[in-house]
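Hi everyone, thanks for coming. Please have a look at the sequence and the fold on the screen, and then I'll walk you through them.

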Amino acid sequence: MWRAAGVSYLRYSNEMASILRQCLKEPYREAAMKRDVTNITEKVWTNGLITAKTKIEDVKNGFEAAGTEGKK
């Protein structure tokens, strides 16, 4: 299914988990939505040192940024 959608398995599973969390009844939904927060830090290494750090707060934007950089 995820191959047919043209995305990685990780992205597909994250999207499906997010949809499932939204379908839960309260109070389970509120607790699950708190666990949906993900923090990603992208680090660029040059000669063994970190030259740049970028904090990605929204996973969807992180996937989109990674997709555009891969096409360069």
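Let me start with a question: by about how much of the helix are E30 and K34 separated in α3? The two are four residues apart in that helix, so about one helical turn separates them. Their side chains meet in a salt bridge, with 4.0 Å from N to O. By salt bridge I mean a side-chain nitrogen of Lys or Arg within 4 Å of a carboxyl oxygen of Asp or Glu. A search of the whole structure finds one salt bridge.

How accessible are the two partners? E30 is partly exposed, with a relative accessible area of 46%, and K34 counts as exposed at 60%. For these words, buried means under 20% relative accessible area, exposed means over 50%, and partly exposed is in between, with a 1.4 Å probe and protein chains only.

Before going on, a word on what we are looking at. This is a predicted model, in which local features need pLDDT of at least 70 and side-chain atom pairs count only at pLDDT 80 or more, while totals for chains, interfaces and linings use all residues. Residues are numbered from 1 along each chain as its sequence is written, and side-chain values use heavy atoms, with hydrogens and water left out.

Now the overall layout. The chain has four helices and two strands, and along the sequence they follow the pattern α-α-α-β-β-α. Helices (H or I, at least four residues) and strands (E, at least two) are DSSP runs, numbered from the N terminus. Of the 72 residues, 6% count as buried. The accessible surface comes to about 6300 Å², and carbon and sulfur atoms hold 55% of that; such areas come from the Shrake-Rupley method with a 1.4 Å probe, and for residues only the protein chains shown count as cover.

What about contacts along the chain? Take those with a separation of 6 or more: residues 24 or more positions apart account for 8% of them. Contact here means heavy atoms within 4.5 Å.

W2 lies in helix α1, residues 2–5, and is partly exposed with a relative accessible area of 27%. Which residues does W2 contact, leaving aside its neighbours within four places in sequence? They are V7, S8, Y9 and Y12. W2 and Y12 are ten residues apart along the chain, and their C-alpha atoms are separated by 5.9 Å.

Moving along, there is a cis peptide bond between E26 and P27, with omega about 0 degrees. P27 is in the loop between α2 (9–23) and α3 (28–34).

D36 counts as partly exposed, at 27% relative accessibility. Not counting residues up to four places away in sequence, D36 touches S18 and R21. From D36 to S18 there are 18 residues in sequence and 7.0 Å in space, C-alpha to C-alpha.

Strand β1 (residues 40–46) and strand β2 (residues 49–56) pair in the antiparallel sense over seven bridges; two strands pair if DSSP finds at least two bridges between them.

T46 lies in β1 and is partly exposed, with a relative accessible area of 37%. The side chain of T46 makes a polar contact with the side chain of T51, at 3.5 Å. A polar contact is a pair of N or O atoms within 3.5 Å; within protein, one must be able to donate a hydrogen and the other to accept it, and residues adjacent in sequence count only if both atoms are side-chain atoms.

Last stop: where is N47 found? N47 is in the loop between β1 and β2, a hairpin with two residues between the strands. Its phi is near 55 degrees, a positive value in a residue other than glycine. N47 counts as exposed, at 79% relative accessibility.

That's the tour, and I'm happy to go back to any part of it.
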